[in-house]
Amino acid sequence: ILPGAAYGPEGVTAPGSPDRYVTLFAGRQPLVARVRQDGGQVLRTRSFGQFALPAVTLDGSAGGLSADGSTIVLAPPRSGLRRADTTLKVIDARQLHVRERITLDGSFTFDAISPDGSHIYLVEYLSPTDPTRYEVRAYDTRSGRLLRDPIVDPDEPPGEMRGYPITRAVSPAGRWAYTLYDGGGDHPFIHALDTLGGRAVCIDVHPLAGHPGLRNVFAGNAGRFELAVTGDGGGLTVLDRDGPVAYVDTRSFEVSVPSDPVQDGSFPWFAVGLVPIALAATWALSRRRGGAR
């Protein structure tokens, strides 16, 4: 029920990079491979034991690579709420060698990484039985320590934002990590994590409240949602299989819904173009009947 290692074909890539990193298998042993995106040439592979590229959401969205392409964080393939400690490996992305081995007391999963790899963000699970009780923590790779205070939205009551991570999108420069949470189906929200500033904003997505796809995210429904960031990073679209459900202005964090020009009371200007067609059809019909207009 927790995001585990990403064993899919997509893997992760940095903005503008010609390469992609994926998890492969040699028997039961996972391999991390750097692959040329154009042509699929395998440039380098290495095994790090039972560590792989981490998935960050239930739909298998992978993470772990910093936006500057320098750093990869690998996680154990199976996470558990009852772990006494959690180990991560920090890898040099170019050469695929271990820079640092991090061991933390408690149960953690990887969440995000800052563009320069200086901070790693983790989800710490606070209950041995309830995976929706968690805190987001930051690990400073330069000082080698887990920062004491959790990353929270100061405008949200403690414990208000709970649920399962469904899908993820990252801003073009890698600063913001946007994660859609089901919120138990009735309170869906987007967790916007500023990986440079070390802050979070929780954005209520009211248009998704009660959406049937959120009733059971473990029944294959997680894959029906998607987050799409605009090229300039100023907008975020929430989509389901039928199209856009909500828009988020990532500067103000205001949420709007796709509008129907007739339903919202604005004038349907497209109808103006139909007037000449309707008049011509009426004139032709009257001529055929021998009438005069």
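Does Glu226 count as buried, exposed or partly exposed, and at what relative accessibility?

1. Basis of the note. This is a predicted model, in which local features need pLDDT of at least 70 and side-chain atom pairs count only at pLDDT 80 or more, while totals for chains, interfaces and linings use all residues. Residues are numbered from 1 along each chain as its sequence is written, and side-chain values use heavy atoms, with hydrogens and water left out.

2. Glu226. This residue counts as partly exposed because its relative accessibility is 47%; buried means under 20% relative accessible area, exposed over 50%, and partly exposed in between, with a 1.4 Å probe and protein chains only. Glu226 lies in strand β15, residues 226-229. Strands are DSSP runs of E with at least two residues, and helices are runs of H or I with at least four, numbered from the N terminus. Setting aside residues up to four places away in sequence, Glu226 touches Thr167, Thr237, Val238 and Leu239, where contact means heavy atoms within 4.5 Å. Its C-alpha atom is separated by 8.5 Å from that of Leu180, 46 residues apart along the chain.

3. The sheet β11-β12-β13-β14. These 4 strands form an open sheet in that order, with antiparallel pairing; two strands pair if DSSP finds at least two bridges between them. One side of β11 (165-170) and one side of β14 (199-204) are left without a neighbour in the sheet, because each of these edge strands has a single partner strand. Within the sheet, β12 (residues 176-181) and β13 (residues 189-194) pair in the antiparallel sense over 6 bridges. Ala177 has Leu193 in β13 as its bridge partner.

4. Thr71. Strand β4, residues 71-74, contains Thr71. Thr71 is buried, since its relative accessible area is 3%. The side chains of Thr71 and Arg99 make a polar contact at 2.8 Å, that is, a pair of N or O atoms within 3.5 Å; within protein, one must be able to donate a hydrogen and the other to accept it, and residues adjacent in sequence count only if both atoms are side-chain atoms. Beyond four places in sequence, the residues in contact with Thr71 include Gly64, Leu65, Val90, Ile91 and Ile113.

5. Positive phi values. Most residues other than glycine have a negative phi. Leu96, however, has a positive phi near 55 degrees; Leu96 is placed in the loop between β5 (85-92) and β6 (97-105) and counts as buried at 0% relative accessibility. Phe253, also not a glycine, has a positive phi of about 65 degrees and is found in the loop between β17 (243-249) and β18 (255-256).
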